[in-house]
Amino acid sequence: MRLTILGAAAGGGFPQWNCHCDICRLAWNGDARVSARTQSSIAVTGDGVHWLLVNASPDLRKQILSTPELAAGRHLGPDDRRGSPIAAVLVTNGDVDHVAGLLTLRERQALTLYGTAGVLDVIDANPIFNVLARDAVARVAVPSGTPFEPVPGLEVELFPVPGKVPLYLEGDVVDVGAMGDMTTGIRLTAGGRTAYYIPGCAAVDDRLRDRLRDADLLLFDGTVFTDDEMAAAGVGAKTGRRMGHVPISGAGGSLDAFSDLSIGARVYVHINNTNPILVEGSAERDCVEAEGWMVAHDGLELVP
Ligand code: MLT
Ligand code: MN
Ligand code: ZN
């Protein structure tokens, strides 16, 4: 199995187009301690030829252009004029940062789009996604707990994690932490190795901790370091938990929750632009690295 981080940032990216928080300001100023990151997505292959895109970010076109393995024409015959190594797409929730890139994949390329029935219902309900013509792009609902093989040699299983509906579907009352089919984690296996990708997770419970015991690699929600960091940065009132993202630090945070698990490698992904782990040399960056975590960056290649 080979895995590439296409985009390591959360929704909005880093820097975010309208943000001048202390950390975005470093990026706007070209400070060498930070590097820009595009929005949340990974690509995975089991055979080195066919790639599964997990989440389709608004930055997908740029991500494809900077990833040689995803270039059109790779592995095509001399007479073929259209084709892509991206053979399938799986979305883990319906958030804008995970589905907007589907629009980039129009052009009648044959693909299969996978997601839970709940997330595919959200996509089906929005006619703009009809640019992915159904006769070219099949939409296949996959239930949690049933492994499937979206590309040759790569087995995938979805499982529910605590989460919520996408921001644009929130009503007056939001059930944050709901276990259903709106927010999923995925287990990836190939060649006897196992990786987990969980870019959004509102809380770490014992069920999740138990599940991850066989992980050679864990890519986990690193949206915020501190639950109230958006407010502290002066850019909003919402906590990480209210956005459906368990913080890294503090009681119940992911750093503590996974500290006693013997996971091969652990990597924070889906990092919000307010998160100080983005800054090399910051106390928070040093803290997560001392606990054995890597901070994902665009283009990071991982072999579990
Ligand atoms: C999130 O993960 O909380 C979402 O990406 C928020 C958003 O859609 O901007
Ligand atoms: Mn997101
Ligand atoms: Zn910012």
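User: Which residues does Thr 4 touch, not counting residues up to four places away in sequence?

Analyst: Thr 4 touches Ser 41, Ile 42, Ala 43, Trp 51, Thr 67, Gly 299, Leu 300 and Glu 301, not counting residues up to four places away in sequence; contact means heavy atoms within 4.5 Å. This is a predicted model, in which local features need pLDDT of at least 70 and side-chain atom pairs count only at pLDDT 80 or more, while totals for chains, interfaces and linings use all residues. Residues are numbered from 1 along each chain as its sequence is written, chains are lettered from A and ligands numbered from 1 in the order in which they are written, and side-chain values use heavy atoms, with hydrogens and water left out.

User: Is Thr 4 buried or exposed?

Analyst: Thr 4 is buried, at a relative accessible area of 4%. Buried means under 20% relative accessible area, exposed over 50% and partly exposed in between, with a 1.4 Å probe and protein chains only. Its place is in strand S1 (residues 2–7); helices (H or I, at least four residues) and strands (E, at least two) are DSSP runs, numbered from the N terminus.

User: Turning to the metal, which residues coordinate the manganese ion?

Analyst: Asp 97 (OD) and His 270 (NE2) coordinate the manganese ion (ligand 2), at 2.1 to 2.2 Å. Asp 97 lies in helix H3 (residues 96–99) and His 270 in the loop between strand S12 (265–269) and helix H8 (283–290), so the pair ties together parts 173 residues apart in sequence. Donors are N, O and S atoms within 2.8 Å of the metal (3.2 Å for Na, K and Ca); water is not among the atoms, so sites may look incomplete.

User: And are those two buried or exposed?

Analyst: Both Asp 97 and His 270 are buried.

User: How about the core: which residues touch the most other members of the largest one?

Analyst: Of its 35 residues, these are Ile 198, Leu 208, Leu 218, Phe 220, Phe 258 and Val 288. A nonpolar core is a set of buried Ala, Val, Leu, Ile, Met, Phe, Trp, Tyr and Cys residues joined through side-chain atoms within 4.5 Å. Helix H1 (22–28) is among the elements that give two or more residues to this core, and H1 gives the most, with three.
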